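Here is a short report on a predicted model. Take a look at the sequence and structure first.

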Amino acid sequence: MTAVDVQQVRKIYRKDAEQIVVLDGLSLQVPQGEFVALMGPSGSGKTTLLNLIAGIDRPTSGKVVVAGTDLGTLSEGQLAKWRSRNVGFIFQFYNLIPVLTAVENVELPLLLTRLSRRERRERALTALKVVGLADRAKHYPRQLSGGQEQRVAIARAIVADPAVLVADEPTGDLDARSAEEILNLLQTLNGEFRKTIVMVTHDPRASARAHVERHLEKGVLASTVSRHEPVPAGAQG
Amino acid sequence: MKYLPYILKHLRKNWIRTASTVAAMALCIFLISVLQTALQAFYGGLETASTERLVTRHRVSLVNNLPVAYAPRIASLAGVRRVAKFIWFGGTRGAADHADFSNFFPNFAVEAEPYLAMYPEYGLDAAEKEAFLKDLRGAVIGPALAEKYGWTVGSVIQLESFIPPYRIGKPFEFIVHGIYEVDKQKYPNFQEDIMLFHWNYVYEATGQRAGVGTYNIQIADPDQATAIAKRIDATFENSDVQTKTETEAQFLLGFLEMVGNLALILNAVGLAVAFTILLVTANTMSMAIRERRTEIAVLKTLGFSGSLVMTLVLGEALVIGLLGSGVGVLLGQGLIANLGAVPLGGFQLPALSMPTTLAVSMFAVGILIGLVSGLAPALGAYRGSITSMLRQA
């Protein structure tokens, strides 16, 4: 079953009279449970493609179907609701809310559900346990290391149990050791929890953890590297 | 309610900015509420002014007195029930050359019998009234004066007017025969710090120079007020001293507006203050939200709809509005309740209280300022696209 189906997508930005074609008729299919790395030089359209898959941007033309929903048919309100249930987004700079503790940050997506306060808190703590940070639940982002912040961000991304996780350079702001921990965690989420993951990265060590590497060049898919068995944790350290 | 902790945490994070915005808002509400209370008190007499009372004064100015001889001519006109001579005496305690205006209070020389008959606002015990009417030097005082100066029935009071026709080279001496009571249900704005004494006493003591400040007239039919007023003025149309007769409410309004259109001035000040605070609060809210563009983008990425994000921003503005108006109204009530103890420019203000409707209105104004100030940043948060907000971060 296909988790992500991008069909002939074009994305054009307009800057004054100039048109910048960021994605040019790109198509991509990601089967359910797959871990895909999107690579390419700056300006190749990786992040734009990721944004389209996450439903936070719309294509100029073409079709994006994620988790069985054609995102082009949804209104802004419906799209927001869809995002809350189907996609977990992991940012390069974590983007935790500084005034909230780790557990409150993780709990945020659950505010949109009908869960009781107690249920929300239990689920947020479970997500923190999955990323190994149950003991930091009451810490504020400023009291956590970069790696810990990113783990909290991952807990926030998985707490609503979405089908697809999208990660925009999740190790881009981390030291090697923290990056390793984050990649291990993503592999675990993919392997054990069967999450479909689409990850943008510049880091070959990160892309080596994926089943498939897709390379973008000037808005089109240039090449694909497929592995049956992704590189195990620590093998490229 | 589940979003309230989120809103409060943001307000607490930058507590200095929040506190200063709340303080600015509170100051605005405080100022407006005090000004409006003063205004309502100032114009309060108009609401309770009787429709069956007219006031006749000198056509040129209130400063000029009317002839004593006008009394029987007015009384003889059709529709007139009673006529009472009235003088705004302007008496102060102590010598007139060194008048003590810090303890100034209203004191009027009146033709007592008809005056008390047409002013039921002065609730007097029958025995006290009789004693007052019998004694030319007698006086009646309000309960506020009795409390303030410790005067009781039998107290002797000396007053000297600063108005030349009523000066006799020494203070007038009065004996208190009664302390009037005001039925606050019927006359909520009636003053309790007035002193009344006999017009005859002033007239005789001044060698019949005193004249009459105004003729206060009771009429039989309020519907005939305009016609009777015209009739009175027509009677003296060809006299040396012409008159101007108005209903009591018109007279009071004219008297109050001698200091200018106070309502317009105070309302303009209130509006200017409110508008300034609106700009300050709007600027603060805009800054606060601009700093959190990434956070708003993240919320939207997590699935918060544009309208929910907008509600959260407006929620912050609303909390500021509520806190500001709450503090402002409390401060205003505190000051207003103690105004009586504050000497201002030589005059002492009467004890006032902020009407409940005004307090509620002030809350509404605070909430409105809060919401309006949050509107622009809230709309920005509602409309902003996630990708552009993330790019701008």
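How many residues does the contact take from chain A and from chain B? Chain A gives 18 residues and chain B gives 17 residues. On the side of chain A that touches chain B, helix H2 (residues 76-86) of chain A supplies the largest share, 6 residues. That side of chain A divides by residue type as tabulated here.

| Residue type, side of chain A that touches chain B | Residues |
|---|---|
| Nonpolar | 10 residues |
| Polar | 4 residues |

Next, the fold of chain A. Chain A holds 7 helices and 10 strands. Its C-alpha trace spans about 50 × 45 × 40 Å along the principal axes. Of the 237 residues in chain A, 49% are buried. Among contacts in chain A with a separation of 6 or more, 68% join residues 24 or more positions apart.

Now one residue of chain B. Met354(B) lies in the loop between strand S12 (347-348) and helix H14 (356-383) of chain B. Is Met354(B) buried or exposed? Met354(B) is buried, because 20 other C-beta atoms lie within 10 Å, and the cut-off for buried is 20 or more. Neighbours within four places in sequence aside, Met354(B) is in contact with Ser33(B), Thr37(B), Gly332(B), Gln333(B), Ile336(B) and Ala359(B). Leu11(B) is 343 residues from Met354(B) along the chain, and their C-alpha atoms are separated by 30 Å.

Key
Residues are numbered from 1 along each chain as its sequence is written. Chains are lettered from A and ligands numbered from 1 in the order in which they are written. This is a predicted model: local features need pLDDT of at least 70, side-chain atom pairs count only at pLDDT 80 or more; totals for chains, interfaces and linings use all residues. Two residues are in contact if their C-beta atoms, placed from the backbone, lie within 7 Å. Helices (H or I, at least four residues) and strands (E, at least two) are DSSP runs, numbered from the N terminus. Ala, Val, Leu, Ile, Met, Phe, Trp, Tyr, Cys and Pro count as nonpolar, Asp, Glu, Lys and Arg as charged, and the others, Gly among them, as polar. A residue is buried if 20 or more other C-beta atoms lie within 10 Å of its own, exposed if 12 or fewer, and partly exposed in between; C-beta atoms are placed from the backbone.
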